[in-house]
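The sequence and structure come first.

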Amino acid sequence: MRIVIKVGSHVLAENGSVAKERMLALVELIADLKADGKEIILVSSGAVSAGYTQLPLDRSVLANKQALAAIGQPLLLKMYQEKFAKYNILCSQVLFSADVFSSTKHVNNAKVAIDTLLENAVVPIINENDTVSVEELVFGDNDRLSAHVAHYFDASLLVILSDIDAFYDKDPNRYEDAKRRAVVHTILDEELNAEHTPNNEFATGGIVTKLQSADFLMKHGRKMFLASGFNLLDVRSFLLDQKHMGGTLFTS
Ligand code: ADP
């Protein structure tokens, strides 16, 4: 089974720095999933926050974010390499420009490389090349990219690890009586087109881009699981014990 795991910038950033313990917990989860026979592709944000630890430029300026991503991307990969090495796992960097999925030729080239990495037990770590394509920096935070990665590289499931532990019937950060939706089969048009509300300077996605990703995947016969990236118990039990405790499963 091939799974794409996407981790949001919120989860990987902490007080203007990279949340090393959360990164280690994620790497441990991936090691366990690989030991369980699963092929894992990681889509990781966090380059801008990693860059900010070295040079605190004003992140509200897009050009600064591009520069911070260029500074942070190699640092982020170095941190992943060190953590994966603890489990004797090799990881790799794959950077995409936003238009890669509009070219069949480029998608095919990338698929050959990804398949080869996976055949050799290497974890591909994908990010958008934020220095040249600013789309995800402005809008999406890799939610859309990860859905395309799951579809075009033939994964049956996309797991989004977020600052929120599930999809609710309304924003749980604003309404105390919000109820978790455990399984979602269809997404309403008004939910897909809602105004996006990124809730801090690192979050450019919000729930809407996650719903759009889920909708895209369900229309293509694939599934998406949204769960907390702060506490990995729900995603662990879902993927390793086939028990759906928390989190939301989107499936047609
Ligand atoms: P990440 O950066 O982890 O990918 P985001 O912060 O971009 O995640 O998106 C998740 C946020 O979306 C939550 O913190 C929450 O405030 C907001 N949100 C709005 N409506 C909902 C909803 N119906 N269910 C869950 N979260 C929602």
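In this predicted model, Thr-248 has a relative accessible area of 0%, and because buried means under 20%, Thr-248 counts as buried. The residue is found in strand 12, which covers residues 248-250.

Next, the ligand. There are 19 residues around the ligand, and those that come nearest are Asp-163, Tyr-168, Asn-173, Gly-206 and Lys-210. By class, the shell around the ligand divides into 7 nonpolar, 6 polar and 6 charged residues.

| Residue | Protein atom | Distance to a ligand oxygen |
|---|---|---|
| Asp-171 | side-chain N or O | 3.0 Å |
| Asn-173 | side-chain N or O | 2.6 Å |
| Gly-206 | backbone N or O | 2.5 Å |

Taken alone, the ligand exposes 570 Å², of which the protein buries 95%. Two elements give two or more residues to the shell around the ligand: strand 8 (167-168) and helix 9 (206-219). Helix 9 gives the most, with 3 residues.

Which residues have a positive phi although they are not glycine? Asn-88 is one of them, with a phi of about 55 degrees, and Ala-121 is another, with a phi of about 65 degrees. For comparison, most residues other than glycine have a negative phi.

Asn-88 has its place in the loop between helix 4 (62-85) and strand 5 (91-96). Its relative accessibility is 75%, so Asn-88 counts as exposed. Ala-121 likewise lies in a loop, the one between helix 5 (104-119) and strand 6 (123-128). At 42% relative accessibility, Ala-121 counts as partly exposed, because that class lies between the 20% and 50% cut-offs.

Key. Residues numbered from 1 in each chain as written. Predicted model: local features only at pLDDT ≥ 70, side-chain atom pairs only at ≥ 80, totals over all residues. Heavy atoms only, no water. Near = heavy atom within 4 Å. Polar contact = N/O pair within 3.5 Å; in protein donor to acceptor, adjacent residues only side chain to side chain. Areas by Shrake-Rupley, 256 points an atom, 1.4 Å probe, with all protein chains shown as cover. Helix = DSSP H or I, 4+ residues; strand = E, 2+ residues; numbered from the N terminus. Nonpolar A, V, L, I, M, F, W, Y, C, P; charged D, E, K, R; others polar. Buried < 20%, exposed > 50% of the residue type's maximum accessible area, 1.4 Å probe, protein only.
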